[in-house]
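Q: Can you walk me through this one? I'd like to ask questions as we go.

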Amino acid sequence: MEFACSHVVCNWSPDGPGVFPMGPEYDNIVPVKQQADEVPPPLPPRRLRKPRPTSLPLYSNSSFEPPSAPPSLPPPVPPRLDKLEGLTRLKANVNVVSLNVGKLVDTSQDSGMETFQRPVICGKCSAALSCLSSLQKNVWRCEFCGYENSVDESLAALCIGQRAGVRSDDLYLPRQSEDDYQNLEDTLVVFCVDTSGSMSVTTEVPSSNGSVTYVSRLEGMQDALYRALFTIKQRSPHRRVALVTFNDEVVIYGDGTSAPITLRDWALVDYDHIWEKGVTYHIPHCIAETYNHLIQRVKELREHGATCLGPAALASVAMASRYPGSKVILCTDGKANIGLGEMEEAPSLTPSAFTPYFYTQLALDAVQKGVIISVMTFEGTDCRLADIGKLADATGGRVNIVSIGTVAREIQSVSEDNVLATGVKATLLASDGVYFPYEDENNHKLVREIGNVTKGLEITFQFAVKPDFMEFFLQKGMLPFQMQLSFKTRDQHRITRIITEQRPATTCSRIFAGRLNMAVLDVHCAQLCASLTMEGKVQEAQRQLKAQQHLLQQVSKWRPIQKEESMYGNWMETMTTICEDITTESQLTLSDEAAKVVYQMKRASSVRNNNNSSNTVNVQKKTTKKKKAVMEAV
């Protein structure tokens with residue numbers, strides 16, 4: 001776990017941008033360097049002592065002697081902090097935790113860690129006994145909820161042992177049977193390719209001799225498939241590969257060695273029938289044996305007809321579901337207009353209740369079976385990417401827009417995305433009195449179903465303190481946090497990783513803005529604002545963006561902005577542009593280009609954890625330059 005701030009800030013309030021509970025016990029200011037031309041407001045006039053009424057007689061005492069020293073003056077007014085240091089209100093919540101899930105599920109790097117059979121769990125909040133726990137007469141009072149648990153002394157000694165301290169990182173590996181073992185290469189890659197009539201559209205492509213060649217989308221896709229198949233054969237010869245195509249019917253070629261199965265007419269609207277046809281289609285051979293057959297099938301592809309994208313995606317997921325950790329690569333150039341998942345002419349940026357149920361259900365089935373779906377569309381087309389992109393967003397795949405010149409590179413890159421873990425679930429526990437804005441505001445325990453995980457995945461959590469608990473936490477001084485990560489590895493081992501640590505509590509005025517981890521805060525802002533935008537909460541996303549941009553401005557007054565922080569600033573500008581277009585142009589829908597950017601922001605990761613971030617930045621800069629390019633009229 002990586003925290004954006006070294007302390008837990010207790011007095012941040014979500015009442016609104018820049019709105020905080022005021023009072024003598026709370027100060028809500030972060031020090032920033034004062035500019036030379038900024039003059040603090042004048043001090044209010046001092047309240048003077050009232051003169052003695054003249055109507056009263058003066059007291060007379062002949063024995064009174066004047067003091068030898070002059071009478072004492074009233075104490076001076078204490079200096080104003082903003083005059084000395086320059087202080088500004090904290091508008092962004094800096095209570096953010098980042099979790100590099102891609103690294104945490106890769107247990108091959110943690111061979112030296114101590115492992116245990118099973119954790120000791122609290123009977124109320126499900127927190128695990130850890131290095132922060134203490135026992136009295138075999139009773140463990142949970143440090144998160146206060147519940148008293150009876151604990152066997154031997155188990156307690158095993159879980160706590162000599163590791164008492166401020167942080168622990170433990171792996172729990174239950175015993176596995178040999179029947180659970182699965183070959184790491186025993187996964188499937190399904191290429192689900194659009195062969196509708198629009199795939200015949202050509203693009204000018206310059207040749208090496210200076211002449212111009214016209215290449216159709218299908219020809220570009222065929223070339224990309226040739227390259228991808230060759231690379232898979234060279235690097236993973238034991239991996240299975242299958243081909244599915246769709247126009248006004250779905251053709252399941254499988255590994256190319258058997259007769260294809262065609263689905264048409266009524267079959268295109270029967271979910272169970274399509275699933276059964278896909279899941280029962282046997283793929284017995286690896287690509288080392290089927291390469292020539294697949295190449296021949298790809299050569300024979302021809303474009304015609306409509307676009308039954310939904311049934312083809314369903315059949316592909318069903319085929320891949322037999323092998324956990326498999327992936328489906330969906331390539332199309334138009335919106336689904338026949339069969340399951342047919343798109344209606346309705347705005348794509350609407351509340352989730354209006355999202356086609358079919359794609360939601362298919363995404364859930366894919367997650368449950370450990371299948372990753374990546375979606376690629378061609379530039380200059382309208383595929384309703386905001387809707388079909390949900391397949392990739394839910395399953396851990398990629399969303400991208402390609403051209404004739406980039407489709408081969410993108411397919412190659414997606415083909416190499418290996419699943420590190422499936423069925424991943426993250427549980428974050430904090431002290432009772434902590435809550436999670438935008439997720440669970442009534443509970444100090446947050447559960448997030450992540451599903452499939454590939455390299456570089458990073459997720460963030462935002463938390464805050466309830467007003468009634470602020471004073472208590474400040475007096476307590478330290479707050480515990482625990483992250484429980486449950487997942488299944490590629491060799492089918494069910495593992496639980498538990499990280500526990502504690503953090504000091506403080507107020508905003510004690511936090512130095514220049515020392516905040518802006519990488520964590522910026523990644524969280526990108527993920528949060530993208531999620532709010534896709535949920536239709538655009539105004540709230542705008543408030544979060546403004547607060548983050550304000551924080552970045554304050555940090556820049558204390559220290560130079562690093563190169564990666566400038567990139568994060570581009571992220572904020574891009575999301576701001578998209579949100580402004582949505583609010584000012586109410587009759588416009590989220591275009592494919594804008595949807596691609598938003599989905600990429602939902603899976604944003606810090607530069608140090610993701611070497612592919614530069615590609616995303618270029619797209620965002622291009623989008624920012626032309627504000628209206630991301631929106632299209634209905």
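Q: Which residue is the bridge partner of phenylalanine 3 in S5?
A: The partner of phenylalanine 3 is valine 97 in S5. This is a predicted model, in which local features need pLDDT of at least 70 and side-chain atom pairs count only at pLDDT 80 or more, while totals for chains, interfaces and linings use all residues. Residues are numbered from 1 along each chain as its sequence is written, and side-chain values use heavy atoms, with hydrogens and water left out.

Q: How many bridges join strand S1 to S5?
A: There are 2 bridges between strand S1 (residues 2-3) and S5, and the two run antiparallel. Strands count as paired if DSSP finds at least two bridges between them. The names come from DSSP runs numbered from the N terminus: helices are H or I with at least four residues, strands are E with at least two.

Q: And S23, how does that pair with S5?
A: S5 and strand S23 (residues 458-462) pair in the antiparallel sense over 5 bridges. Asparagine 100 stands opposite glutamate 458 in S23.

Q: Is S5 buried or exposed?
A: In strand S5 (residues 96-100), 5 of the 5 residues are buried, so the strand is largely enclosed by the rest of the structure. Buried means under 20% relative accessible area, exposed over 50%, and partly exposed in between, with a 1.4 Å probe and protein chains only.

Q: Which residues are on which side of S5?
A: Val96, Ser98 and Asn100 are on one side, Val97 and Leu99 on the other, and all are buried. In a regular strand the side chains alternate between the two faces of the sheet.

Q: New topic. What is the strand order in the sheet of 7 strands?
A: The order is S16-S15-S14-S11-S17-S18-S19, in an open sheet with mixed pairing. Strand S16 (261-263) and strand S19 (399-402) stand at the edges with a single partner strand each, so one side of each has no neighbour in the sheet. Neighbouring strands are turned by 20° against each other on average, direction ignored.

Q: What about S15 and S16?
A: Strand S15 (residues 250-254) pairs with S16 in the antiparallel sense over 3 bridges. Valine 250 stands opposite leucine 263 in S16.

Q: Which strands does H6 touch?
A: H6 packs on the sheet and touches strand S14 (240-246) and S15, with its direction at about 20° to that of S14. Contact here means heavy atoms within 4.5 Å.

Q: Where is cysteine 286?
A: Cysteine 286 is in the loop between helix H5 (271-279) and helix H6 (287-299). Cysteine 286 is buried, with a relative accessible area of 15%. Not counting residues up to four places away in sequence, it touches Pro237, His238, Arg239 and Arg240.

Q: Last one: at what angle do H12 and H13 cross?
A: The axes of helix H12 (residues 518-534) and helix H13 (residues 538-556) cross at roughly 165° and come within 8 Å. That makes H12 roughly antiparallel to H13. Axes are lines fitted to C-alpha atoms, for helices over the stretch in contact, and angles run from 0 to 180 degrees between N-to-C directions. Angles under 35 degrees count as roughly parallel, over 145 as roughly antiparallel, 65 to 115 as roughly perpendicular, and the rest as oblique.

Q: Which residues of H12 make the contact?
A: Among them are Met518, Leu521 and Cys525 of H12, and the residues of H13 in the contact include Val538, Ala541 and Leu545.
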